[in-house]
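Dear colleague,

Please find below the structure that I am handing over to you. My notes on it follow directly after.

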Amino acid sequence: MEKGFYRYNMVVGGILAGVMTVFMLVGLFYTPYDPETMDPFLKFAHASLAHPFGCDQFGRDIFSRVLQGSGTTFLVAVGTLAIGAGTGTFLGLATGYFGGWPDEAIMRFNDLIVAFPSILLALISISLLGPGKYNVILALGIVFIPSFARIVRSEVIVHKDMDYVKSARLMGVGHMRILFVHILPNIKGTLFSALAIGFNNAVLSEAGMSYLGIGVQPPDASIGRMMSEGQAYIFTAPWSILFPGVVMILMVLGFGLLSDGCGDRDA
Amino acid sequence: MLEIEGLSIGFRDVEPPLEVVRDFSLTMEPGEIVGVVGESGSGKTMTALALMGLLKSRARITSGRMMFEGRDLLTLSRKGWEEVRGKEISMIFQEPMTSLDPLLTIGRQMEESLRLHTDLDRRERKRRVLDMMEQVGLPQPEKLYGCYPHQLSGGMRQRVMIGAALITNTRLMVADEPTTALDVTIQAQILALLKKMNQEHGTAILFISHDLRVIRSICSRVVVMYRGEAVEMGSVEEVLSSPQADHTKQLIAAIPDRENRLRGGKERS
Amino acid sequence: MKYLIKKIGTLIITLLIISLLSFLAFQVIPGDAALSKLGTGATGEKREELRREMGLDRPVLERYGSWLLDFIRGDMGESYTYSIPVSEMIKEKLPVTLAIAVMAFICMLAVSIPLGLLAGKYSGRLPDKILMVLDQLVMSVPGFFMGILITCLFGLVLHWFTPGGYVSYQEGWGPFLGYLIFPALSIALPKCAMGIKLLRSSVIGELGQDYVRTAYSRGNSQRQVLFGHVLKNSLLPVVTFWALAVADIVASSVILEQVFTIPGLGTLLVQSISNRDHPVVQAVIVLVAGLVVVINFFVDVLYGIIDPRVEVH
């Protein structure tokens, strides 16, 4: 019964995540209207066939803006994962497998980092680097390294004592080959789940930072900033904040369900 | 005192429905120690759990009757079971390591049945627990009272379990492989303790084990179970010296040869 | 006792390292403090003079030492933007953020413990499934959007509070806390969702343990088993989560203060970042991180009290 429930989660999550990924990818290259074009006649226009999400206080097409913002979000999330998950996985593999003092040092450092809330760390980095899309990617990417390193490390520690690794070592397989050809494919379930969660955290963090006005800067579109601008018109034009919000929730929900389904089952 | 008649237990949610215990019958007199022996999966633990009303929800008693002191256990409500468990029938388990709550003190766990089933005040309960600790051979009761399970060895934990089970002077104790997880010397001590408590308190013990040697050393009568059915029943000497069922013979043969020769047991069949 | 001493030792070292890192982070800013204070138009001489005045010519560790001592004594430097002591700016805002965080934490406990127990006990049945779907949904809502939704629901539809009508604690604690309940709720909800999920799986795991069977065998009722045995055991892993959640709660407060227009530490931090007012940013961050570490320390101690096995390792 439980299992069926989780499989159901995974299917729904997979479909949702897939659709939203396509949405975000489209947003990188195409929008039906120019997201920046203002049209005074369309100020606060209701949702219609021509403008499915309606228009904002300047008469800009909200659907196009959300689409473009999703593209930015995708770029930031993927960039963040490339830095955070890439470096983190590498560190986790190396420290978990070889152990010794580098392992100890990195884990202590990890414990320390946990004390800083991740968005706070990102804010410090931004205050040092200045805002902007690429700085957000860099800041979040660095912030995400420890959690990936920790997850991968604990998996590697379990796997390095398993028989298949031992026998590979006895057959004279090199360390690098054991790590990347033997161990890595075996921890892909956990890794995939962590990636999905990481994607969500990146999306949420970017939205939060942009909402605060210290994330992605104009002219790059951002759903977080759209919502911060739309908040003033929550009564006159609730759609200007509702639709971006729902799109964001769907993105996060899809990957959340997916991670739930492919990670460790808790029942 | 205890009368089990035609007991069958099955899993209903699998196709075809699986019966793990079929038509099992057993009677016990007060103060008796009866063994149930069989290999793992033979249904002996299921029987024991059914006797405590502790079967997991997937397993159901499909037919049969269980009478205890003139009461039909199968008609008991949830509330009724709560009155029987720990007050009239108690149970000890195989794994003394995991059967105790890791976060509660030994004293707190030993007095639990008293707290649930009597009106004794805290001081009196403590007095009885300390007394019981003495009886089950736990050293320094006052000190152990405030200790946690992880600070005790496996043998000591099993003593705690036994003391906790007997503290309300239950008429029957179900012992599900109580010595299996312990090493041999400790095993002998625990068996001796069970025998002693049986004699001093007159508690009847239904002793479940896969090991005929253990059964032989403590029980007066034995039931041999095989694939959910009682294949043989009788006094321990009878069953061991002239086993009727094939499975009993196999169990006897499984006892190491040296020991068999020493005790004049049956040859390999 | 040994455990406590060890933990206190770790606490002090962690605090030192955090302060050192925060200090160093602001030493590597392109263009040093003297430059930011004077602006780019200043001459080299003037800069050197100010650098000496500010002590920027001394070795880094020495500066760190005196900065730390000053910090402990409550002297956190002066704001570049407003030229008033940072400590005064912080003193005024700290109670606000603290109040939000504490309320959010209490709210998280009050919601997630009963619901987590319920979901775990009835796992696989309808109430559990509904709760799990809701849970996943709530976890997907960005913090600020949750705040906006709550503003909509309680402020604009139900009229339980006036959005933007923040009342300072100096004017009265009742209205102050009454307003802060809503941001606190917005922060707590996603944490509740996570906590419920964790506690649920923990309860499911514990219910299968041998000691639960033992408890039943002694005549405990379901309720007695659940509250007398299972609850304490299943809370252990969740306590660790709560410790981590503290950091998140404080961080979320930064965002939710913006949503609800509350002048707390978060608003101060965001403004100071925009203004590149480094002394303020530095002080707020050290303070918040220190706070989180200290709270984590207390959770660790609490953990040691709940779990007798901790003393051993």
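This is a predicted model: local features need pLDDT of at least 70, side-chain atom pairs count only at pLDDT 80 or more; totals for chains, interfaces and linings use all residues.

Residues are numbered from 1 along each chain as its sequence is written, chains are lettered from A and ligands numbered from 1 in the order in which they are written, and side-chain values use heavy atoms, with hydrogens and water left out.

Chain B contains an open sheet of 4 strands in the order β2-β1-β4-β5, with antiparallel pairing (strands are DSSP runs of E, at least two residues, and helices runs of H or I, at least four, numbered from the N terminus; two strands pair if DSSP finds at least two bridges between them). The edges are formed by β2 (18-28) and β5 (71-72) of chain B, each with a single partner strand, so one side of each has no neighbour in the sheet. Strand β4 (residues 59-68) of chain B pairs with β5(B) in the antiparallel sense over 2 bridges, and B:Phe68 stands opposite B:Arg71 in β5(B).

Helix α1 (residues 44-52) of chain B has 7 of its 9 residues buried, so it is largely enclosed by the rest of the structure (buried means under 20% relative accessible area, exposed over 50%, partly exposed in between, with a 1.4 Å probe and protein chains only). Among the buried residues are B:Lys44, B:Leu49 and B:Met52. After α1(B) comes B:Gly53, with a positive phi near 65°.

Across all chains, the search finds 23 salt bridges (a side-chain nitrogen of Lys or Arg within 4 Å of a carboxyl oxygen of Asp or Glu). One of them joins B:Glu229 to B:Arg22, with the closest N and O atoms 3.1 Å apart. B:Glu229 lies in strand β10 (residues 229-235) of chain B and B:Arg22 in strand β2 of chain B, so the pair ties together parts that are 207 residues apart in sequence. B:Glu229 is partly exposed at 35% relative accessible area, and B:Arg22 is partly exposed at 29%.

In chain C, C:Asp300 forms a salt bridge with C:Lys7, again with a closest N to O distance of 3.1 Å. C:Asp300 belongs to helix α12 (residues 278-306) of chain C and C:Lys7 to helix α1 (residues 2-25) of chain C, 293 residues apart. Finally, salt bridges that share partners join B:Glu111, B:Glu112, B:Arg115, B:Arg125 and C:Arg218 into one network.

Yours sincerely
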